[in-house]
Amino acid sequence: MAHAVSPGEPFPLGATFDGLGTNFGLFSQAAEAVELCLFDNGSETRYQLPEVDAYCWHGYLEGVEPGCRYGYRVHGPYQPEAGLRCNPAKLLLDPYAKAVDGEVIWGQPPYAYVLKADDLKIDTSDSAPSMPKAIVVDPAFDWGPDRPPRTLWADTVIYETHVKGLTWTHPDIPERQRGTYAAVAHPAMIEHFTKLGITAVELMPVHHFVHDDRLVKLGLRNYWGYNSIAYLAPYNGYASRGGHRAVTEFKAMVRALHAAHIEVILDVVYNHTAEGSELGPTLAYRGIDNPSYYRLVDGQPRFYNDSTGTGNSLNVRNPHVLQLMMDSLRYWVLDMHVDGFRFDLAASLARQFHEVDRLSAFFDIIQQDPVISQVKLIAEPWDLGDGGYQVGNFPPLWSEWNGKYRDTVRDYWRQSGAPIGDLAERLTGSSDLYEATGRRPFASINFVTCHDGFTLGDLMSYDHKHNEANGEDGRDGTDDNRSWNCGAEGPTDDPEILALRHRQVRNLLATLFLSQGVPMMLGGDELGRSQLGNNNAYCQDSPISWYDWAAVDRDLLAWTQRLIALRRAHPIFRRRRFFQGLPLRGSGSPDHLPDIGWFRPDGATMTDADWEVGYAKSLGVFLNGKAIRDPDIHGRPIVDDSFYLIFNGWEEEIDFTLPETRWAAWWDLVLDTAAGTEDAAGAPSARRPAEGTLRVSGYRLLLLQSAVTPNGST
């Protein structure tokens, strides 16, 4: 059916349904004309957008309702040498699409140039039959009493996971729902999250993304999803019913997680798109306005300035690109109710010209935005360009994935080792990275494993990556794994090696959850998940990546639950300010102990010389629960028990003497990474007196809690 066309409005961009019809708006400075294409039962009807204001082409079509599929054709110059790549033969996805139907069907049509020639020779084959279509959506949704949990940063525990892999094999979830937004919100998953004790799920990319031509030809998929093409649309492959219903299903997932007091954080990829280099397909931005959307090489605009390793980088200097990012972020907060974002390769967003600028336009805009500045913001503080490693250099509003934490903790617990001074910095919130800029311990997102690299179990089972299934002859994935196979590469039946691996996994988890800062765990690590040594499973939509719910390590799950519960119960492990090494009231008398104390194995306090011993691998740490400076949110003093952590990173056993009486008269052992199943779940062992001796075997962590004796002393 034909629709009457009127000028409509240039804003908002995208497709906006008002109950009677839909307004369409598209930014393009390069266009000479723009056609809106509507699709119905395989037929295409084209309408030229009648107006353009401030480079925004727009028109209003009466009778166009939610569910209508559409795309654009942009008329303009095809001059790659000048950076211009318009080609009206190619149907383009709306950058503001809120839902997407279908996938790219690879072949010649999605490419604007002749594949067997080069990118200078234009191809005129129609790409519409090979392209996904945007869908007009109805924004109405019954949120009911939904409220964001607004969990304090200091109380946050993040669970990084993949929408499909999390639930694809779960026996308690109906098969038709597995691998979807609905499955993440299924009561079986809500129960797992709440029993585990996490407060936020960080979902790997859900912005609609593309499965690369190269991977599809290899029979693989872009499983991780770091290949975005539509920044306002949830990926349709994670919806049990598809199409515009993906929006409703995503909202229902958020509503259910919020009801369980679980926040939703999205991993977002605003640094590049799925269109790749000059040899990539023309799916949206390239054909709409190539020089506005992408960073092109100065003096050679045919080519792309790539700091992401994907072929292109979005041009954050352009105000319309910044507008798209901010409109996208606000949409996900205001309309989809998400609670925060983790920005992939965030250093790339800070590049104004070539250098990384901490005060770039993107971060300035985030800082002053009344919506985005109030949610959780996490940077992956690096990219692949020069000077791209920026851990510790993001603005005060931001928290960061602390890559130095990951590397130090991995190094400490493996044979090569890391100095105890480095461990001490990471254990106490990385004040060396964040305190000078006015940030708190929660600026540090602490992690040992994440989606990129080995799982926790594989970290202690493999010395080398085993990425044969990826089809790249082992060239992909990092070789800097900082892993240790504990004596055998991969699976083994050797009981001593297995015991060491189990202990090391518990060591890493205990270190993570007892550190100051915000712990983030890789989903599935609590189950004992393995990727068979694959440290780059980005293309593995297969059992390599899926969680195996039929092979859960129940002891490890109980250990993880115990650690998170212990952290939640004791504010000494989630302080809002850094330790000072001073008494609460500034007194050095025996009655006023410092907030933290450092000890040698013989029970003596550490000296400056002790910290300089490069081979030292053993350490005692006193955490004073009665010297927490910050009050709670109601202004009341926070008082906790005191704890003593013992680290033995040597392979040999060591005798540790507990501190003298003024620190605590008695100690209860509450965690022991070498204990059996029952103790590993948290059963206390015998009480120890001050200055007593503990023989601690190699690669072992102990946690002791100050105890009250029958006469009331501690």
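## A walk through a predicted protein model

The term salt bridge is used here when a side-chain nitrogen of Lys or Arg is within 4 Å of a carboxyl oxygen of Asp or Glu. Arg636 is partly exposed, with a relative accessible area of 49%. On this scale, buried means under 20% relative accessible area, exposed means over 50%, and partly exposed lies in between, using a 1.4 Å probe and protein chains only.

Before going on, a word about the model. It is predicted, so local features need pLDDT of at least 70 and side-chain atom pairs count only at pLDDT 80 or more, while totals for chains, interfaces and linings use all residues. Residues are numbered from 1 along each chain as its sequence is written, and side-chain values use heavy atoms, leaving out hydrogens and water.

Now step back and look at the whole protein. Its secondary structure comes to 16 helices and 32 strands; these are DSSP runs numbered from the N terminus, with helices (H or I) of at least four residues and strands (E) of at least two. Along the principal axes, the C-alpha atoms fill a box of roughly 90 × 55 × 55 Å. How does the radius of gyration fit with a compact globule? With 714 residues, such a globule would have a radius near 27 Å, and the protein has 28 Å, which agrees. The radius is taken over C-alpha atoms, and the globule rule is 2.2 Å times the number of residues to the power 0.38.

What share of the residues is buried? Of the 714 residues, 61% count as buried. The protein exposes about 26600 Å², and carbon and sulfur atoms supply 50% of that area. Accessible areas come from the Shrake-Rupley method with a 1.4 Å probe, and for residues only the protein chains shown count as cover. The contacts tell us how the chain comes together: among those between residues at least 6 apart in sequence, 72% join residues at least 24 apart. Contact means heavy atoms within 4.5 Å.

Charges come next. The protein has 64 positive and 94 negative side chains, and the centres of the two sets lie 3 Å apart. Lys and Arg count as positive and Asp and Glu as negative, while His and the chain ends are not counted; the place of a charge is taken as NZ of Lys, CZ of Arg, CG of Asp or CD of Glu.

The structure holds 41 salt bridges. One of them joins the side chains of Glu380 and Arg342, at 3.1 Å from N to O. This pair links distant parts of the chain, 38 residues apart: Glu380 is in the loop between β21 (376-379) and β22 (399-401), and Arg342 is in strand β20 (residues 340-343). Are these two buried or exposed? Both Glu380 and Arg342 are buried.

Another salt bridge joins Asp480 and Arg482, at 3.4 Å from N to O. Asp480 is partly exposed, with a relative accessible area of 47%, and Arg482 is also partly exposed, at 22%. Both belong to a network of salt bridges that links Arg406, Asp407, Asp411, Arg414, Asp480 and Arg482.

Let us turn to the backbone, where some loops hold details to look for. A cis peptide bond joins Phe11 and Pro12, with omega about 0 degrees. Pro12 sits in the loop between β1 (5-6) and β2 (14-17), and Glu9 lies in that loop between β1 and β2 as well. Glu9 and His58 are 49 residues apart in sequence, yet 6.1 Å apart in space, C-alpha to C-alpha. Leaving aside neighbours within four places in sequence, Glu9 is in contact with Asn23, Phe24 and His58.

Ala54 is not a glycine, but it has a positive phi of about 50 degrees. Its place is the loop between β6 (51-53) and β7 (56-62), where Ala54 is exposed, with a relative accessible area of 58%. His261, also not a glycine, has a positive phi of about 65 degrees. His261 lies in the loop between α5 (245-259) and β17 (263-268) and counts as exposed at 61% relative accessibility.

Our last stop is Cys539, found in the loop between β24 (518-522) and α14 (554-569). Cys539 is buried, with a relative accessible area of 1%. Beyond its neighbours within four places in sequence, Cys539 is in contact with Leu215, Leu220, Arg221, Tyr223 and Asn470.
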